[in-house]
Amino acid sequence: MQYSMSRRALVKSAVLAATLVPVLKITAAWAAAAALIPLDSSDPAAKALGYTNDSSKVEAASNPTFKPDQACANCAQFQGKPGETLGGCNLFPGKSVAAKGWCRVWAKKPAG
Ligand code: SF4
């Protein structure tokens, strides 16, 4: 059995594929982010690490390692992409943390 495809059909398929691939990537990223439950700062694990979803509200007196330029977005454990407001964290599987959040485990994300 021989299968042939016209040039027009081939071009249509290529255009359709080129259009759908980015859409599918975006949809997959949204689905992955949506599957994560936002971490509540009252969660026992979050409390244990002093997590807050707003690093501007960290009490410096009780968190002497905190520096104002530290936030989840520039932490080595943050799994979100640059510009995203929420992202996964290696310390809190299945949960998302705020990009502007912070906890006592913060460690500078390596450059690159
Ligand atoms: Fe945020 Fe890093 Fe703490 Fe995770 S480990 S909550 S990314 S500061």
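Begin with the second largest pocket of this predicted model, which has a volume of about 160 Å³. To bring it into view, select Ser-41, Lys-47, Gly-50, Tyr-51, Thr-52, Asn-53, Lys-57, Val-58, Glu-59, Ser-62, Asn-63 and Trp-102, the residues that line this pocket. If you colour the lining of the second largest pocket by class, you will find 3 nonpolar, 6 polar and 3 charged residues.

The largest cavity has a volume of about 80 Å³, and the count of cavities of 30 Å³ or more comes to 1. By class, the lining of this cavity has 10 nonpolar residues, 1 polar residue and no charged ones.

Now show the ligand, which sits in the largest cavity. Which residues are around the ligand? They are Tyr-51, Cys-72, Cys-75, Gln-77, Phe-78, Cys-89, Phe-92, Cys-103 and Trp-106, and this shell consists of 8 nonpolar residues and 1 polar residue, with no charged residues.

Finally, colour the whole protein by pLDDT, for which the mean is 84, with 71% of the residues reaching 70 or more. Select helix α1, residues 7–35, to see the element with the lowest mean pLDDT, 57, and then go to strand β3, residues 95–98, where the mean pLDDT is the highest among the elements, at 98.

Notes. Residues numbered from 1 in each chain as written. Predicted model: local features only at pLDDT ≥ 70, side-chain atom pairs only at ≥ 80, totals over all residues. Heavy atoms only, no water. Near = heavy atom within 4 Å. 1 Å grid on protein atoms, 1.4 Å probe; cavity = no way out; pocket = protein on both sides within 12 Å on 5 of 7 lines; lining within 4 Å. Sits in = over half its atoms within 2 Å of the grid points. Nonpolar A, V, L, I, M, F, W, Y, C, P; charged D, E, K, R; others polar. Points joined across faces, edges and corners; volume = space filled by probe spheres on them. pLDDT = per-residue confidence, 0-100. Helix = DSSP H or I, 4+ residues; strand = E, 2+ residues; numbered from the N terminus.
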